[in-house]
Structure formats: structure tokens, C-alpha cells
Amino acid sequence: MGVNINSIENIEIFFLKPDDYEEIKKVMIESYTNMPGAYWKAHHLKKLIEAFPEGQVGIRIDHELAGCALSIIVNSSKFDEKHTYREITGNYTFNTHTPAGDTLYGIDIFIHPRFRGLRLGRRLYDYRKELCEKLNLKSIVFGGRIPSYHKYSDKITPRDYIEKVRMKEIHDPVLDFQMSNDFHPVRIIRGYLEGDKESEEFAVLLEWNNVYYEKKSEKAAIKKNIVRLGLIQWQMRLYKNLDELMQQVEFFIDAVSGYRSDFALFPEFFNAPLMAAYNHLSEAAAIRELAGYTKEVVQRFAELAISYNINIITGSMPEIVENSLYNVGYLCKRDGGIERFEKIHVTPDEVRVWGLQGGKTFKTFDTDCGKIGILICYDVEFPELSRILADDGMNLLFVPFLTDTQNGYSRIRNCAQARAIENECYVAIAGSVGNLPKVHNMDIQYAQSMVFTPCDFAFPSNGVKAEATPNTEMILIADVDIDLLRELNQFGSVRNLNDRRMDLYSLNKFSDSSNS
């Protein structure tokens, strides 16, 4: 029986230790039921960890081992493409590991059957890709089994089999998964893994190329910390129900995670179309009905964050707390964590039409990409908030917004760009486009989602890293370099944070429960 995704509280990737062996052995045995005895011995694991600790990782769900990935580094010029598994592992001694090599070679990867379907294998492959980039290796290579080939071996050759898998005429769970993770077949290897009856001892040599690879030089290089942002410029349209709306949500998450984005940002009140069912009520009553969906929407976002291995900023939704209506959003992390943020400043129209109240708490959030801040729409027009977040270490500021006119959008855009300059940070804004004629107070929308940077020599001269097409449904993908912010802070042409006259003025945040 598979694990219930709703019950997951934490997912973590960790470095394996020799003490983990008995747990690893148990998972391997249950993962390879069709290959009895196909598990590593304790001395094998110990040798791998001693030789290359970064290459041996496991993944835990709520402190239970769910799978592992084992790898070594080899010199590609030393091995023929027709090598066997025994040869590449040095007869299972792993003396072929070469720290100065140029290729990360996948020795093994397995997921316990109970945890399959959670895309954990994808997380392990993503880790290998990041490791490959970090170590400046040119590629990841491994021999991939083709466990369904024995069903077709009397009719087609391995080459034809791979082509039919590629064309989706045959489903091979292993090969399909590997190719969906951007590995491409290089050649067929005969006699690769002894005893692999399902594959009839054939394997496919698969490769993923590191586009950031640079040949080693004697010049000093600064390690870069790159974060990929995925912004969703959401089209407002009518949906029959919550399931249909969340289907569109998953479509976009799948799209941005397919580009290996670290964050997905949705707009403010993206789920407003669901108010169409309550258009016979007053605006204030309709938005309170919309608030009834919030708990389930957040839970579904949390599941998608885990499933697609991406941190999701849910935009915002109405939420009722002790009969008061707030505009809130959630940060659903890919490690299973969930954190809440509030809109502090509400517009006069939001008060008059919906009866919204301003929130009382704002803070930075710790993520696997560093500290971030989130301000909802109007809040970005108040520079005090982002300055306090910057003083707390924020490098990325996300702004989900909703504007109906171009002048309303311009306020958000110009203030967001100012926040990037004055706080030496990146600012990402994402809004909605289109119209909702059947929802009162939500008739039209105007947006152009963007990513802003500081303005200095290391950044775009106009301070715009990326911009979407105005008023068009689309995604926007942008990479931002956190290390550039650190350099700017110390060596920039101007240094807005360091050059403040703290002898003349200061900015303080009151406690969340007090105004003094």
C-alpha cells in the first residue's frame, strides 16, 4: 500500500553513513523483488562513502528511508562505451572512482515500492544534476535497465524497442522515467548486468549533459548560487468547480517545475473565478463563500509542492479567522513545510466592498534557496515593510498582485522596482489577466509579470531581468544569482543598505501582538 501524501510532514535528502546499512539493505531487497540477492554488502557501501561521500545520498519521508542514489566519478576517456557494470565499478571495488574525472556515473538508484508515485526518483536525479553542476562535471552517465524488454525480445531488437518506447508505443517504466528526466540514449550495451533476466542483460547507456560545464582552468572562479524563478501570469476564466481550477494550477506547476524552477509564484486572488457560483449574493457574502475553499486549496498546493519538488507561493486567498476576513497566502515548501503570510495593508475598495481587514504579521521565510520575503500587492507600495525584511536577510521578494487598470499596475510595477534597488534584492511580481464578467468587483484585470534586479554593472542596465508579454497568459522563467547581491552589497557603485545614515534615522518593527 502506498503512502498517503496528505500525511507527509517532512521530506529530506541526506548523505548516507555506514550506520544506515541495515535500513538500506532492507529497502533494496524490497525494491528489487525480481532480482533476489541484488543488494549491496556493508563493505560496498562503506567503500563508496569513504571514496565519494557527496555521491551517496538517501531520501527520507518522515524519518523513514524511502530510497537511495549511489554514484562515482570516472574519467570518460578511460572507458569504452561498451563497458559492463562489472568493469565500470572495478569488479565492485569502486577503485574506478577518479576525483579528477569528468563524468558522474550512476551506480544505483532505487525507491521503496511504498513510496513510488511521489516523484522521489526525480528528486534524486535533480540532486545528481546539481552535484554535477557544482563539481563542474561534463555529464551524468549510467547504464539503464530495460526490464520490459523480455516481453518483446522475440519480435524486435533492443534498438527497435528503445525507439518504440521513445514514440510511446511501448511503456517501459524505467526507461520512460529516465528519458522524462532529460537523459538521452547513447547506445545499447550487450551483457551489461549479469543476471538481469528481465532486460536479457541488455542496457541503454544514458547521458545527461551539463550545459554549464567549463573545461578546468588555472584561473580562480567564484562559486555562484543560482535560483530559478517560475512566475505564472494567470488567465482569469470561469471554472465549473475547484477540481477544474486546480487542474489548471497543476498544469502550470508541471510546466515551471519541468524547467527545474526553485519557486512557482501565483497571483493574488487567483481563485476568484470560483465566486461566480455566488454572484447572486452581495460581494461581501460571495468572498466569504470563497474563503470556504482556502483550506482545501492550501492542502492541494502542499501536495503539488512535494510531488513536483518545487517551492510554491500560492498567491493569495480570502481566509476567515474568528469571523474576520483576511487576505492571506501560503508558502508550500518542497520539503513538506507550510508557512502563512498576510496582506498588511488593504485598499479602500477592499474594505468598502469586501470588508477585508489588514493582517498583523510579516516576516522573512527560510527556504532551501535562502531567505525570502512575500508582500501581497498593495503592501509593496509601503517601503518600510521590505526594508525590515531586507534587514532580516531577505534576498528574494515575491509580490503576488491583482490590478484592474494600467495605472493600478504601474503603481505595483514602479514600487516593486524601487524595492529591488533600495534593498539590494531581486523582486518578482506576478498578476492575472483577462476578465470575469460573472463575478462582481472582479470584472477586468491588467498585468505584466516581471523580475527586477538592482541597477549596477553586474545586472541589466534597466533593472529588469525578465518580463512577460502584457495581458497574455504565460509563464516567465528567470535565473537570479544570489552571489551577485553579496558582491553588490560590498563593492557596488552605490551601497543603499550600507550607506544609510543610521545616526539620523532608524526603522523598527513592533512586535506582532503590540503597537508599541
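Reader: How many bridges join strand 14 to strand 15, and do they run parallel or antiparallel?
Author: In this predicted model, 3 bridges join the two strands. Strand 14 and strand 15 (residues 370-374) run antiparallel.

Reader: What is the bridge partner of Asp366 in strand 15?
Author: Lys371 is the partner of Asp366.

Reader: New topic. At what angle do helix 7 and helix 9 pack?
Author: About 30°, with the axes 11 Å apart. Helix 7 covers residues 242-258 and helix 9 covers residues 294-308. That angle makes helix 7 roughly parallel to helix 9.

Reader: Is their crossing left-handed or right-handed?
Author: The crossing of helix 7 and helix 9 is right-handed.

Reader: Which residues meet there?
Author: From helix 7, they include Leu242, Met246, Val249 and Ile253. Among those they meet in helix 9 are Val297, Phe301, Leu304 and Tyr308. By class, the contact has 8 nonpolar, 1 polar and 5 charged residues.

Reader: What is the mean pLDDT of the protein?
Author: The mean is 92. Of the residues, 97% reach 70 or more.

Reader: Where does pLDDT stay under 50?
Author: Over residues 219-224. For that stretch the model has 7 contacts beyond four places in sequence.

Terms used. Residues numbered from 1 in each chain as written. Predicted model: local features only at pLDDT ≥ 70, side-chain atom pairs only at ≥ 80, totals over all residues. Heavy atoms only, no water. Axes fitted to C-alpha atoms, helices over the stretch in contact; angles between N-to-C directions. Helix = DSSP H or I, 4+ residues; strand = E, 2+ residues; numbered from the N terminus. Parallel < 35°, antiparallel > 145°, perpendicular 65-115°, else oblique. Left-handed = near helix turned anticlockwise from the far one by under 90°. Contact = heavy atoms within 4.5 Å. Nonpolar A, V, L, I, M, F, W, Y, C, P; charged D, E, K, R; others polar. pLDDT = per-residue confidence, 0-100. Pairing = 2+ DSSP bridges.
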